[in-house]
Each structure stands twice: as C-alpha cells, then as structure tokens.
Amino acid sequence: MDIVNAIAKARFNSARAQRVPLHKTSAMHADLLCLEAGQSLDVPDGGAWTYYVIAGTVAVSQQQAVSLPQGHSVGVEGPHTLRNVDQRRLILLAVGT
C-alpha cells in the first residue's frame with residue numbers, strides 16, 4: 001500500500017503545466033496535473049483517462065470542448081487537450097490505463 005498526500009505534492013511552473021506522478025501499478029497510473037491560469041496540456045497519445053477536478057475549471061477538448069468545474073469528472077479516450085480556463089490554479093487528478 002502506497003499512501004501519499006496528493007495536495008501536498010502539487011507544484012506549479014509559470015513556463016509549463018506540471019505532471020506529478022502519484023501511483024503506478026501494472027494496470028493503471030495516477031498523476032496530479034497542475035496548470036497555472038491560461039496554460040494547456042496536449043495529450044497526443046490518447047489512451048483512456050479519467051480526470052477529476054480538485055480545484056479550478058478545466059476545458060477538455062477532443063471533437064468538442066467541455067468545461068468542467070471543481071468536483072466534476074470526465075472520461076476521455078484518444079488524443080485531447082486540457083486547458084485551464086480559470087484565473088486561479090487548476091489541479092486535476094488524472095487516472096490512466
């Protein structure tokens with residue numbers, strides 16, 4: 001069992017979005033994604049991802065853009081883009097297979 005305080009691991013960089021590894025098993029991995037206002041992150045290789053918005057508002061773009069506020073989650077397969085559309089920092093829990 002591997003226990004971490006995910007919020008304590010959050011880190012931000014004004015130059016680019018940050019990906020903080022939290023857990024990795026043979027079946028899945030979980031990362032914390034930290035984006036400053038206006039930053040975006042392209043996920044070109046796709047795969048299957050579930051995102052949970054811990055703080056802020058994210059726009060998830062694939063064939064259409066959907067904005068999700070804090071407390072919401074979304075499942076995405078294939079290439080997509082994540083963008084912080086809020087003036088505050090965005091923190092996402094990203095779980096992928």
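The side chain of Asn 84 reaches the backbone oxygen of Arg 88 at 3.0 Å, a polar contact in the sense of N or O atoms within 3.5 Å, where one must be able to donate a hydrogen and the other to accept it, and where residues adjacent in sequence count only if both atoms are side-chain atoms. Before going on, a word on the source: this is a predicted model, with local features needing pLDDT of at least 70 and side-chain atom pairs counting only at pLDDT 80 or more, while totals for chains, interfaces and linings use all residues. Residues are numbered from 1 along each chain as its sequence is written, and side-chain values use heavy atoms, leaving out hydrogens and water.

Back to Asn 84, which sits in strand S8 (residues 80-84); strands here are DSSP runs of E, at least two residues, numbered from the N terminus. Contact means heavy atoms within 4.5 Å. Not counting residues up to four places away in sequence, Asn 84 touches Leu 35, Glu 36, Ala 37, Gly 38, Gln 39, Thr 57, Arg 89 and Leu 90.

| Residue | Relative accessible area | State |
|---|---|---|
| Asn 84 | 2% | buried |
| Leu 92 | 0% | buried |

Strand S8 also takes part in an open sheet of 4 strands, ordered S3-S8-S5-S6 with antiparallel pairing; two strands pair if DSSP finds at least two bridges between them. The edges are S3 and S6 (65-69), each pairing on one side only.

Now for the greasy part. A nonpolar core is a set of buried Ala, Val, Leu, Ile, Met, Phe, Trp, Tyr and Cys residues joined through side-chain atoms within 4.5 Å. The largest one has 16 residues, and Leu 33, Tyr 51, Val 58, Leu 82 and Leu 92 have the most contacts inside it. Strands S2 (29-35), S3 (40-43), S4 (48-55), S5 (57-61) and S9 (90-96) each supply at least two of its residues. A second, separate core of 6 residues includes Val 20, Leu 32, Ala 55 and Ile 91.

Leu 92 belongs to S9. Beyond four places in sequence, its contacts include Leu 33, Tyr 51, Val 58 and Leu 82.

Key. Buried means under 20% relative accessible area, exposed over 50%, partly exposed in between (1.4 Å probe, protein chains only).
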